[in-house]
Amino acid sequence: MSSTPAPLTPTAVSCPAKVLVAGGYLVLDREYTGLVFGLDARIHTVVTPIKTRSGVTINEILVTSPQFREAIWEYGYRSQPEDGGITVTQLSVGHEQSISLSHNPFIETALTYALTYIYTLQPGTLIQSSSIRILADQAYYSNPGISRSSNIISSPHQTSRFSDFNVRLKDAHKTGLGSSAALVTSFTAAVLSFYLPRDAFDVRSEKGLRVLHNLAQASHSQAQGKVGSGFDIASAVFGSCLYKRFSPSLLSNLPQPSASGFATQLRTLVEGEAWDTEIRKAAIRMPRGLRLVMCDVDCGSETPGMVKKVLAWREKSKEEAEGIWRNLQAGNEALAAELTRLAGEEQRVSEDKYDKLRQIISSNRNLIREMGAKSGVPIEPPQQTRLLDYCSKLAGVVGGVVPGAGGFDAIVLLVEDKEEVVRALKTSLGQYKDPEATGRVGVIGVREEMVGVKEEDLSLYKEWEETS
Ligand SMILES: Nc1ncnc2c1ncn2[C@@H]1O[C@H](COP(=O)(O)OP(=O)(O)O)[C@@H](O)[C@H]1O
Ligand SMILES: C[C@@](O)(CCOP(=O)(O)OP(=O)(O)O)CC(=O)O
């Protein structure tokens with residue numbers, strides 16, 4: 001019998017949300033870049049050794065998302081022959097017979113990839129059981145959260161930053177901040193940090209960030225069905241940046257999980273030189289005195305369908321599309337350069353210092369509308385044009401765009417970072433009524449965040465010690 005390994009230390013990691021301010025559709029192609037800002041809503045993952053009654057040995061990983069009902073996933077795991085890595089099998093939740101088995105492909109795939117990578121670094125070492133909790137900031141969901149207080153005697157009235165949403169995950173309303181990317185990235189980082197010694201994986205080191213980025217891209221892409229440029233994973237790891245995607249062939253050449261050679265090829269891909277993503281952090285800054293405001297319009301758009309249609313039009317109308325893509329890329333670069341230039345300024349210079357920004361945003365929006373009109377996709381549909389024009393005229397608002405794939409569900413504004421400006425904006429949006437749309441426009445409680453993945457202190461989670 002193998003001896004009992006030393007207990008591992010509880011570990012917590014968080015990652016930010018994202019907003020693609022410029023480069024929607026373009027960033028799917030390596031010829032172009034995306035300007036992505038991290039947002040200060042985070043998803044946290046906490047890994048602890050599993051609590052068992054003495055004398056009981058188990059071999060499982062229990063994942064819970066306790067802010068949601070029935071969000072429990074229990075996994076067994078085993079190594080596969082022929083270098084197939086680790087496979088995980090979802091077990092029925094033993095103690096909760098009434099809970100039907102729900103699958104969470106993002107968690108299952110992130111766990112498979114993370115354990116496989118760990119196994120390649122420590123072959124033959126027993127992977128110990130653990131308990132993994134996921135906790136998300138309010139801004140990811142529009143469901144009103146119930147606050148949760150500590151039942152710890154030493155601090156009885158402290159309220160957690162993480163609300164209880166009191167619904168099943170599938171009934172939660174997402175605000176579009178990239179929950180699956182922040183989840184997969186923080187989950188992967190926490191699992192690697194928990195199981196590996198610092199000298200094999202350190203999320204504070206450059207190599208650690210690179211390994212995390214590549215591994216999270218691989219598993220998120222697998223879980224998502226290999227669509228997406230991966231800008232959301234990049235910002236979850238590195239925070240705000242100018243992003244050039246990886247070559248899709250890197251992942252299409254990887255064997256499927258459990259297939260012969262998967263483990264070694266995954267490790268080589270994740271650690272090796274072939275990965276060709278380009279991240280430029282210094283190319284993106286927020287000028288002192290400005291901030292982002294995200295507005296949620298109460299209705300949704302379906303990104304994959306829009307992407308398919310835009311790319312089909314681009315394929316058909318190559319020349320015309322290349323003109324728009326090239327001009328938009330130049331406009332997006334100009335936007336990044338102007339933000340960075342203003343960020344480098346010492347103090348306020350003159351009242352009209354945002355004129356150039358205004359003009360760049362306006363000409364980029366013209367190109368986005370042209371892209372939408374020509375491809376027949378409502379990227380900046382008329383009701384969003386009206387909303388953006390309305391906001392752009394308000395005091396302290398520099399301008400705004402439809403983020404990411406665009407559509408009906410959100411706008412992002414660049415505004416002066418003053419309490420009175422944000423307060424007046426909220427009041428104006430509260431009164432805003434589009435002549436043709438019924439949805440209400442709300443301000444999401446987030447702003448830009450430059451920092452990506454971050455280790456966290458376990459005291460943040462004390463109100464959530466017991467799983468519900
Ligand atoms: N707090 C959470 N706990 C567990 N899983 C989550 C959580 N938030 C999101 N997920 C996973 O991510 C999926 C949502 O991902 P997706 O539809 O791609 O939306 P998004 O655009 O927010 O990434 C959910 O179905 C679930 O599998
Ligand atoms: C079209 C895109 O370039 C940008 C989509 O950005 P969104 O922020 O709209 O994405 P979702 O959160 O997945 O809906 C596709 C991509 O780059 O993956």
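Reader: Domain bounds come from an automatic or database domain assignment; where do they fall in the protein chain?

Author: This is a predicted model, in which local features need pLDDT of at least 70, side-chain atom pairs count only at pLDDT 80 or more, and totals for chains, interfaces and linings use all residues. Residues are numbered from 1 along each chain as its sequence is written, while chains are lettered from A and ligands numbered from 1 in the order in which they are written. The assignment gives domain 1 (11–281 + 451–464) and domain 2 (290–447).

Reader: How far apart are the C-alpha centres of the two domains?

Author: Those of domain 1 and domain 2 are separated by 30 Å.

Reader: And how many residues are in contact across the two domains?

Author: Contact (C-beta atoms, placed from the backbone, within 7 Å) joins 23 residues of domain 1 to 25 residues of domain 2.

Reader: Which classes make up the side of domain 1 that touches domain 2?

Author: That side of domain 1 has 15 nonpolar residues (Ala, Val, Leu, Ile, Met, Phe, Trp, Tyr, Cys and Pro). It also has one charged residue (the charged class is Asp, Glu, Lys and Arg) and seven polar ones (the others, Gly among them).

Reader: Turning to ligand 2, which domains supply the shell around it?

Author: Domain 1 and domain 2 each give at least three residues to the shell.

Reader: How many residues in that shell are charged?

Author: There are no charged residues around ligand 2; the shell has eight nonpolar and seven polar residues.

Reader: Lastly, what does the C-alpha trace span?

Author: Along its principal axes, the trace of the protein chain extends about 75 × 55 × 45 Å.

Note on methods: Domain bounds come from an automatic or database domain assignment.
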